[in-house]
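Hi there,

I am passing this structure on to you, and I hope you enjoy exploring it. Please open it first, and then read my notes alongside it.

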Amino acid sequence: MNNSSPNVESLYNKSLNQLCDSMNEDILKNVLNWLPPPISLQMIWKILRVNDGCEKFEYNHMLPDSEHSSINRGREIAQMSLHNSGYTAPVSYRQMSSETHEGFATIQQTKFVDSFNFSKYFDLTLFSKLVDVTNCRSQLFTIFQICIQINGFKFPQNLADEWLKIEIQDDSDDINAHHIDQGLKLGIFLGDAGWFSECALVLSHTYKIITTKWVCLDRNLELVKIIQCLTKWLLVVSNYHNFDEAKIVLQHMLHTIDIIEKMEGRTLCIAYAYVAVSQYYYVLMEFNEAWSWAVKAVYELRDKSADILKLLVISHAIKVCSVLNKLSTAKKLLNQLHTYEKEIDQNIHVDMLLNEACYSLKADLAKDSINSYYIALDSRRNLFGYYNLHTAIVFVDYAYARYVCDYSTTDFNEAMRSILQGIFIMEKIGLPNDNMLLVNAGRIKALILEEKALDIMDRDLQADGIKRLLERMKKNMLNEAEALHLKALAVSIQAVGVKALLTAKSYCNLGRLYQSQEKYTQSEKMHLTAIEIKESILGKDNPEVALSLGHLASLYTYQLKKYEEAEVLYLRSKTIYETTYGRQYTGLLYDFQGLVEVYRALQNTEKLNLYNENILRFHETREAWLYQVHTAIDENCTKDDLSLEKFKCILNECACDK
């Protein structure tokens, strides 16, 4: 073919452009009805002129500079300081009015032109047509959120209601099967798109149809539909922290898994169903149970399993492994996973980045997680919109990571801006006030408020009037933090009971807050309660227990002057951290500093000098460790991208050379 001859692709694009140029509403309606799904989707993308066709909003980990651009955009979102947006400087906590949020959110929304009233044609029929174009799912997510921008936050609910109201007149199994498939596709899409309650509504109805109205002669097909429905349903209600519904779904799931596992010669892979069960226990902070199901999921994989399934299962295992402080295993899994060099769907890649960020936080590498969160913020905003639960959750998780990272600098401005954005989005899209996602966001806001309040009084000011003003500001901020922590405690007790790690977390936070409020008796009571619950669940030698031991020791050292009791607590905490993480762990520094104060008060010069030396040695140890972490090459990684045998060897801590 002559180089000047147009190829098939260019002719196709030219024809598509000409069709779009001649578009009017009548033509659009006919096109949506009659053209094949892939062409319809591409045409919709073109006529909406999404972001003016600019690719700068896209992130592809395979493209040069794409990661750097996405990090920069994510940083600007977190700081509320986009260039050319009217916000020339980062917004402070005192400026965070509703109008500020609304203005910033408007800037963050996807840009488009709906000249032909496309959104009014996006109904269940068109959705069912477009959802089958699986290689353009990212575009469909964006088109869906554009419809939400036009029609409001009730649009996902209205689409769900449209499906729920369909009356099946014919008792034909084929019609029931079609309706079930439509429900599964709609429910799974809504869950993937960040509309959890709407997803659960559709899937619960779908499950009812499958189990009560569908007469399927193929038992394997019936089980495939059931497990597919239950898996997504359990994932969304767990991630939405709807524990009452999640318990019911879990029972259905365990019953179905038991049936499938007992099938002779079964070929059905249910690895992702195991992940859903694992995630349920993970959200409840029952991490040992979560780990057992995560391991089962990896072992359920087959060599012929899709790469996407392998990536999701192994990435989830890394997250659970990390919270259990199996950090060496998590790192090996990560290193092996990084050998996968093929292109990954944007949303899948971001999920993997967030799981890796979980490892970084637990491994005391908080700064390493920051860029992952920036990319996630940028990508979630682009795919699902600013006003979306996926976006809000990343804001909340990032705010906590930023809080941990900046604890030594006392500069919590970016953490505060991020958490306020997350809360604003959750409230705007209609999360109930007692939803635990929103309550948890308030808990993190309270942690940041407490640190900002304490920082106020560290300023060296002479004027009495300014000091009194700052005292009032400090009191108001601490009171707001107390209200948020008390709400978190009440909601946790109602959701999971008193003897649960979620509840212990609130007792721990209240203990620290009451110490800042100089309510020392209440502070001691809260810390002792947190320790009792954690020890009853985790045992006496868990890092979560060490965290509370250190907080109580701080109260005894700096306020109650119970130096002997504080010494015992610090030494217990130190031993746990050294055993679990090693001598480079940041938590050790706070124990060393506390012990210095204790031995100074007890006038024990020998031990005072010892722990002063430990502090100096700690910094050297940590710097050497950080260098090794960031430069070491794992030579045990195989060249096989997703070698299941290698992953199983890692989980088994096998010493073979696979």
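A residue is called buried when its relative accessible area is under 20%. With that in mind, Arg402 is buried, and Asp406 is buried too. Their side chains meet in a salt bridge, 2.8 Å from N to O. Please remember as you read that this is a predicted model.

Another one joins the side chains of Asp364 and Arg622, at 2.7 Å from N to O. Asp364 sits in the loop between helix 17 (346-362) and helix 18 (366-384), while Arg622 belongs to helix 28 (residues 605-631), so this pair ties together parts that are 258 residues apart in sequence. Are these two residues buried or exposed? Both Asp364 and Arg622 are buried.

Next, have a look at two neighbouring helices. The axes of helix 13 (residues 271-283) and helix 14 come within 8 Å and cross at roughly 170°. An angle over 145 degrees counts as roughly antiparallel, and therefore helix 13 and helix 14 are roughly antiparallel to each other. Their crossing is left-handed. Among the residues that make the contact are Tyr274, Tyr281 and Tyr282 of helix 13, and Phe287, Trp293 and Glu300 of helix 14. The contact residues divide into eleven nonpolar, one polar and three charged.

Glu300 counts as buried because its relative accessibility is 6%, whereas Arg302, at 35%, counts as partly exposed.

How many of the eight residues of helix 29 are buried? Seven are, so that the helix is mostly covered. Phe647, Cys649 and Ile650 are among the buried ones, and so are Lys646 and Lys648. What covers the buried residues includes helix 14 (287-300), helix 15 and helix 16 (327-337). After helix 29 comes Glu653, which has a positive phi, near 55°.

Finally, find Ser315 in helix 15 (residues 307-323). Ser315 is buried because its relative accessible area is 2%. Leaving aside residues up to four places away in sequence, Ser315 touches Leu337, Asp351, Met352 and Asn355.

Happy exploring!

Note on methods: Residues are numbered from 1 along each chain as its sequence is written. This is a predicted model: local features need pLDDT of at least 70, side-chain atom pairs count only at pLDDT 80 or more; totals for chains, interfaces and linings use all residues. Side-chain values use heavy atoms; hydrogens and water are left out. Helices (H or I, at least four residues) and strands (E, at least two) are DSSP runs, numbered from the N terminus. Buried means under 20% relative accessible area, exposed over 50%, partly exposed in between (1.4 Å probe, protein chains only). Contact means heavy atoms within 4.5 Å. Axes are lines fitted to C-alpha atoms, for helices over the stretch in contact, and angles run from 0 to 180 degrees between N-to-C directions. Angles under 35 degrees count as roughly parallel, over 145 as roughly antiparallel, 65 to 115 as roughly perpendicular and the rest as oblique. A crossing is left-handed if the near helix is turned anticlockwise from the far one by less than a right angle, and right-handed if clockwise. Ala, Val, Leu, Ile, Met, Phe, Trp, Tyr, Cys and Pro count as nonpolar, Asp, Glu, Lys and Arg as charged, and the others, Gly among them, as polar. A salt bridge is a side-chain nitrogen of Lys or Arg within 4 Å of a carboxyl oxygen of Asp or Glu.
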